[in-house]
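I opened this notebook page to record what I looked up, residue by residue, and in what order.

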Amino acid sequence: MSAQNGTGEARAEQLAANLARVEQRIADACRAAGRDREEVTLVVVTKTYPASDVRLLAGLGVREVAENRDQDAAGKAAETADLPLSWHFVGQLQTNKARSVVRYADHVHSVDRLRLVEALSSAATAARRQVGCLVQVALDAEAGDRGERGGVAPDAVPALADALAAAPGLRLDGLMTVAPLAGAYAGQPRAAFDRLMEISSRLRETHPAATMVSAGMSQDLDEAVTAGATHVRVGTAVLGVRPGLR
Ligand SMILES: *Cc1c(COP(=O)(O)O)cnc(C)c1O
């Protein structure tokens, strides 16, 4: 921090205040739902923000961070490799990026097709890495389809989960969703997250270790915690409004 000026300090204070507000929301939602605070992990989504913010967040006690583009994530992970951080990849992922992503990501939340399972598996094996994977569920997709923002329709979850569980170098850790902007669940995050919890319960009958439920962002993290999410992915509420639509 010695090279940081007053601006860095102001940013740290701002991030600390934002983190405290998010922490309060998570704690309130846990209390209201009769859940232990320890059941929910805050993953801070640092996309579009610089590695210096990641460093400040680490100094404030953040340990789980997420990115949605390999081009940005790889550099930030390298610049902050000295910090005790766990990286989550949460964006739509092209198979040709798998080799890069498995080098820094401990979790990939956005697995939504068999080709990606195969690409991640061979990349993880070659890198001698074990990567935790979540099946991304699209609650706005018809049976057999993919979602507008990635993910598979609920009917495709079991087959993809089986493939992940059997893939060398990968570990099936659970499910992820983004509350849909269209379809029956548009504007109904609570109903969407309840549906995800049902799919998760069914998945755990055959894969009991797949306990992660990644749901909830800045706008709807409260509903996600109420429904039973184990991981909330929060960007804007911690770092500020991003320029552009990412
Ligand atoms: C950007 C992003 C988030 C965080 O969204 P905010 O609304 O900024 O909290 C969560 N999940 C995914 C997949 C994202 O791309």
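**Entry 1: serine 218.** In this predicted model, I listed the contacts of serine 218 and, leaving out residues up to four places away in sequence, found Arg25, Arg233, Val234, Gly235, Thr236 and Ala237. Serine 218 sits in the loop that runs between strand E7 (212-214) and helix H8 (221-227).

I next looked at how serine 218 meets alanine 237, and noted that the two are 19 residues apart in sequence while their C-alpha atoms are 5.3 Å apart in space. A polar atom of the serine 218 side chain lies 2.9 Å from the backbone nitrogen of alanine 237, and a polar atom of that side chain also lies 3.4 Å from the backbone nitrogen of threonine 236.

**Entry 2: the ligand.** Which residues are closest to the ligand? Of the 11 residues that surround the ligand, I wrote down Lys47, Ser218, Gly235, Thr236 and Arg242 as the closest. Sorted by class, this shell holds 4 nonpolar, 3 polar and 4 charged residues.

I then went through the side chains that approach oxygen atoms of the ligand. For serine 218, a polar side-chain atom is 2.5 Å from a ligand oxygen; for lysine 47, a polar side-chain atom is 2.7 Å from a ligand oxygen; and for arginine 242, an N or O atom of the side chain is 2.7 Å from an oxygen atom of the ligand. The ligand taken alone exposes 380 Å², and I noted that the protein buries 89% of that.

**Entry 3: histidine 231.** I moved on to strand E8 (residues 231-234), where histidine 231 is found. Histidine 231 counts as buried, because its relative accessibility is 11% and the limit is under 20%. Its side chain makes a polar contact of 2.8 Å with the side chain of threonine 230. Not counting residues up to four places away in sequence, histidine 231 touches Thr41, Val43, His88, Met212, Val213, Ser214 and Ala215.

**Entry 4: the nonpolar core.** I asked which members of the largest nonpolar core touch the most other members. The core has 71 residues, and the ones I noted on that count are Val108, Leu120, Val135, Leu170, Val232 and Val238. Helix H1 (residues 6-33) gives the most to this core, with 7 residues. In soluble globular proteins, nonpolar side chains tend to be buried together.

Under the same exclusion of residues up to four places away, leucine 164 touches Val111, Val117, Cys133, Val135, Leu170 and Leu172. I also recorded that the C-alpha atoms of leucine 164 and aspartate 36, 128 residues apart along the chain, are separated by 29 Å.

**Entry 5: glutamine 136.** Glutamine 136 lies in strand E5 (residues 131-137) and is buried, with a relative accessible area of 4%. Leaving aside neighbours within four places in sequence, I found glutamine 136 in contact with His109, Ser110, Val111, Asp112, Arg149, Gly150, Gly151, Val152, Met176 and Val178.

**Entry 6: positive phi values.** Threonine 48 has a positive phi of about 75 degrees although it is not a glycine, and threonine 48 is found in the loop between strand E1 (41-45) and helix H2 (51-59). At 29% relative accessibility, threonine 48 counts as partly exposed. Arginine 128, in the loop between helix H5 (114-126) and E5, has a positive phi near 50 degrees. Arginine 128 is exposed, with a relative accessible area of 79%.

Last, I checked helix H2, whose buried residues are Ala51, Asp53, Val54, Leu56, Leu57 and Ala58. Just after H2, glycine 61 takes a positive phi of about 100 degrees.

Key: Residues are numbered from 1 along each chain as its sequence is written. This is a predicted model: local features need pLDDT of at least 70, side-chain atom pairs count only at pLDDT 80 or more; totals for chains, interfaces and linings use all residues. Side-chain values use heavy atoms; hydrogens and water are left out. Helices (H or I, at least four residues) and strands (E, at least two) are DSSP runs, numbered from the N terminus. Buried means under 20% relative accessible area, exposed over 50%, partly exposed in between (1.4 Å probe, protein chains only). Contact means heavy atoms within 4.5 Å. A nonpolar core is a set of buried Ala, Val, Leu, Ile, Met, Phe, Trp, Tyr and Cys residues joined through side-chain atoms within 4.5 Å. A residue is near a molecule or strand if one of its heavy atoms lies within 4 Å of it. A polar contact is a pair of N or O atoms within 3.5 Å; within protein, one must be able to donate a hydrogen and the other to accept it, and residues adjacent in sequence count only if both atoms are side-chain atoms. Accessible areas come from the Shrake-Rupley method with a 1.4 Å probe; for residues, only the protein chains shown count as cover. Ala, Val, Leu, Ile, Met, Phe, Trp, Tyr, Cys and Pro count as nonpolar, Asp, Glu, Lys and Arg as charged, and the others, Gly among them, as polar.
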